[in-house]
Amino acid sequence: MKTHGKRIGIATLFIVLFSGMMNLFAQNDESYFTISGVVKDQSTKKKLEQVNISVPGSNLSGITNEEGAFTLKIRKSVGAKEIEFSRIGYFSTRISIDEKDFLNQTFYLAPNRKQLQEVVVESWKNPEDLVREALKRVASNYSDKPDLLTGFYRETVQKGKKFINISEAVINIYKNSYAENNANADRVQIFKGRKLLTTKASDTLAVKLLGGPNLSVYADIVKNPDILFDENSLGNFNFKMENPEFLDNRQQYVLSFTPAIILPYPLCYGKLYIDKETLAFIRAEFYLDMKDRNKATEAILRKKPAGLRFKPDEVFFVVSYKQRDGKSYLNYIRNEVKFKCDWQRRLFATNYAVVSEMIVTESKEDNVSNISRKESFNKNESLSDKVMNFYDDNFWGAYNIIEPTESLESAVNKLKKEHL
């Protein structure tokens, strides 16, 4: 996607005719136990997606899928006594654990319907000033030294209701100091990967997401202002204060934003969550403006075959950060791209959806070295093309993943049956 006049690689689709470093955390060598289950709303019993699960006092983390399910693998060397569940609009909850498997359980979160006092909200009569102040505090609110993150990354391609490609990987992510504010120095390396489902020769089109694992670099809105805005481009948007929310039992300002001007490239609209105490950006949910479909197409499409008509429908992002020891760290990113394709002189178009998501499952701050350019994943590469270079029979071990949804599991099980 390109926002501020340049293509930065997020959600870049490459459509073509289809013709028939080491283990930095050494997790596989250590014994671990597993916590798994479903998280629900205590009042409605509705399954809750994007609930963050973490181990207090450590940097281990996981997240629930669209059906509220999760699996968290915890190394015994961590000495974990509790796990914590947190989500926007809910009280955070801690559950005691005893270093034994605790499987297929149901956990509940209670809605937090408290509101910020009106006098607090009115202290920022101009919401743009609040965003500007939050931008000024980035250097103090986020990590001031290099971090090496371990993350789980998955990307899927759907044609209609059918999955045609599923790839996933454990990735290493180097993040330099946020005080330097230079996303170009951040790099991603594939550690292990596998392809669970691949496009068949009978499918007319192969849809590829270029630079997919680099989602953790390009969509870091705090480090990379090109994805949304910086102090100099705030005037391109209208900001509005919305009802406040709670996350991790901390009060959050909520602001909506919409494009205020027309530029040669599409802007975004959505919501920002800013911690009331620190003014750190904690979460962003935003869409690419689709009012001009030609601009949107130019932003996300790299290449297509002649005669194919590409019609973008939606580009959506979720970016969240987790606070730890007085600093905020990148935690979770999700990107969804929905579009239609049809051939000239054909009556019906086919719906496609490309979803990529990344969860940071562990981090390291001591004796961190950057990932070399040679080992980093190139923004012009597709994970589905490269992932089998990193395949390992003992793939996950103690690495944390995002649980697949039932539809994903069905697609994988179907693939397994076809190969029997």
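This is a short tour of the structure above, stop by stop.

**Before you start**

The model is predicted, so to speak of local features pLDDT must be at least 70 and side-chain atom pairs count only at pLDDT 80 or more, while totals for chains, interfaces and linings use all residues. Residues are numbered from 1 along each chain as its sequence is written, and side-chain values use heavy atoms, with hydrogens and water left out.

**The whole protein**

Begin with everything shown. The protein has seven helices and 20 strands; helices (H or I, at least four residues) and strands (E, at least two) are DSSP runs, numbered from the N terminus. Of its 420 residues, 57% are buried, where buried means under 20% relative accessible area, exposed over 50% and partly exposed in between, with a 1.4 Å probe and protein chains only. The accessible surface is about 19000 Å², and carbon and sulfur atoms account for 45% of that; these areas come from the Shrake-Rupley method with a 1.4 Å probe, and for residues only the protein chains shown count as cover.

Next, colour 10 strands in the order 11-10-9-20-19-18-16-15-14-13: they form an open sheet with antiparallel pairing. Two strands pair if DSSP finds at least two bridges between them. At the edges you will find strand 11 (187–197) and strand 13 (237–247), each pairing on one side only. On average, neighbouring strands here are turned by 15 degrees against each other, direction ignored.

Now zoom in on strand 19 (residues 327–343) and strand 20 (residues 350–364), an antiparallel pair with 10 bridges. Select Lys 340 and you will see Asn 351 of strand 20 opposite.

**Helices on the sheet**

Select helix 2 (residues 127–136), which packs on the sheet and touches strand 13, strand 14 (250–259), strand 15 (268–275) and strand 16 (281–288). Contact means heavy atoms within 4.5 Å. The direction of helix 2 makes about 70 degrees with that of strand 13; axes are lines fitted to C-alpha atoms, for helices over the stretch in contact, and angles run from 0 to 180 degrees between N-to-C directions.

Helix 5 (residues 293–300) lies across strand 16, strand 18 (308–324) and strand 19, at about 65 degrees to strand 18.

Return to helix 2 for Lys 136, which is exposed because its relative accessibility is 52%. Its C-alpha atom is 9.9 Å from that of Ala 280, 144 residues apart along the chain.

Finish with Cys 268, buried at 2% relative accessibility, and Cys 341, buried at 3%.
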